[in-house]
Amino acid sequence: MVKEIYKGRIKVITDLWGKILDEWESLNRDSLISLVQKIYEDNKIKPFRGFKSTNLYEKELISVYVVGKEGLGLFNDYKQVFDKLFSMEENYENIANLILNSPEEAFKKANEDKDLLARALRLIFVEVIFSFADESKLIDALRRLDSSTNDAIKHTAKSFSRFYTAFKLAEGIAEGSIRDKMNYIAMKKAISINIGIEYPLPKANYVALISQEVFNVKPKLIKKILEVSAKT
């Protein structure tokens with residue numbers, strides 16, 4: 001069951017797929033990214049993000065891919081569209097599928113690039129956030145990566161765990177399930193226990209950034225709960 005907070009976003013991406021299927025032959029990856037940006041801006045939707053604000057709409061193609069494949073079931077009938085416009089996302093999914101069997105194989109498939117490994121995790125994250133996969137899929141992946149003896153792989157697991165914690169806290173604030181500082185602290189502990197690995201917990205300013213930049217939470221509410229100032 002898709003959470004209420006994401007229903008509008010998924011509807012916009014679903015409508016976007018109608019446009020993609022009409023125009024795919026004339027689109028390339030760059031023009032697709034521009035189209036996603038325009039549709040998001042027209043509908044006042046902001047991309048999922050953490051601290052980094054680079055290539056946000058290019059990363060958002062993962063959300064479009066997941067909705068098209070898992071939500072709308074378009075992959076088999078429109079494989080040529082996916083192969084043309086979403087070949088990178090197909091690769092992220094291949095990497096993601098390897099993580100649970102062998103983090104080292106997944107890292108090798110990612111050309112030993114931490115950013116590519118993080119993109120594979122983002123794909124699982126989007127599946128979870130949009131309720132196409134159970135949260136245990138992401139947590140299992142994070143634990144498997146953290147169990148690796150390779151420092152780069154472990155670092156990716158810890159960094160993504162911090163992002164996921166910050167994101168879930170921001171989501172809770174936006175939904176109204178986190179109403180005060182005590183709720184916030186309790187939820188942060190609960191999420192970290194659930195993930196079950198050691199990682200640096202996100203600071204309040206990280207949660208504030210996602211609250212405002214993804215969920216449009218008002219600065220006044222951010223200040224009340226997190227006791228940090230957001231942009232006005």
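Trainee: Why is Thr156 called buried?

Mentor: The relative accessible area of Thr156 is 5%, and buried means under 20% (exposed is over 50%, partly exposed in between, with a 1.4 Å probe and protein chains only). So Thr156 is buried. Keep in mind that this is a predicted model, in which local features need pLDDT of at least 70 and side-chain atom pairs count only at pLDDT 80 or more, while totals for chains, interfaces and linings use all residues. Residues are numbered from 1 along each chain as its sequence is written, and side-chain values use heavy atoms, with hydrogens and water left out.

Trainee: What is Thr156 in contact with, leaving aside its neighbours within four places in sequence?

Mentor: Thr156, in helix α10, is in contact with Lys114, Leu117, Ala118 and Leu121, contact meaning heavy atoms within 4.5 Å. Ala118 is 38 residues away along the chain, yet the two C-alpha atoms are separated by 6.5 Å. Helices here are DSSP runs of H or I with at least four residues (strands are E, at least two), numbered from the N terminus.

Trainee: What lies 2.9 Å from a polar atom of the Thr156 side chain?

Mentor: The backbone oxygen of Ala152 does. A polar contact is a pair of N or O atoms within 3.5 Å; within protein, one must be able to donate a hydrogen and the other to accept it, and residues adjacent in sequence count only if both atoms are side-chain atoms.

Trainee: What about Ser192: buried or exposed?

Mentor: Ser192, in helix α11, has 17% relative accessibility, so Ser192 counts as buried. Its side chain reaches the backbone oxygen of Lys189 at 2.9 Å. Leaving aside neighbours within four places in sequence, Ser192 is in contact with Ile197, Tyr199 and Leu201.

Trainee: And why does Asp30 count as exposed?

Mentor: Asp30, in helix α2, has 58% relative accessibility, and therefore counts as exposed.

Trainee: How do you know that the span of α2 agrees with its 14 residues?

Mentor: The expected span is 1.5 Å times one less than the number of residues. For residues 29-42 that should be 20 Å, and the end C-alpha atoms are 20 Å apart, so the two agree.

Trainee: Which residues of α2 are buried?

Mentor: They are Arg29, Leu32, Ile33, Leu35, Val36, Ile39 and Tyr40. They cover an arc of only 160 degrees, so they sit on the same side of α2; the arc is that of the directions from the helix axis to the C-beta atoms. These residues pack against α1, α3, α4, α5 and α6.

Trainee: What caps the N-terminal end of α2?

Mentor: Asn28 does, with a side-chain oxygen 3.1 Å from the backbone nitrogen of Asp30.

Trainee: Which residues of α13 are buried?

Mentor: In α13 (residues 219-226) they are Ile222, Ile225 and Leu226. Their arc is only 80 degrees, which puts them on the same side of α13. The face turned away from that side carries the exposed residues Lys220 and Lys224. The cover over the buried residues includes α10, α11 and α12.

Trainee: Which residues lie nearest the centre of the largest pocket?

Mentor: Lys52, Lys59, Asp115, Ala118 and Ser159, out of 23 lining residues. The elements giving two or more residues to this lining are α3, α6, α8 and α10.

Notes:
On a 1 Å grid over the protein atoms alone, a cavity is a set of points where a 1.4 Å probe fits but cannot get out, and a pocket is an open set with protein on both sides within 12 Å along at least five of seven lines; lining residues have an atom within 4 Å of a point.
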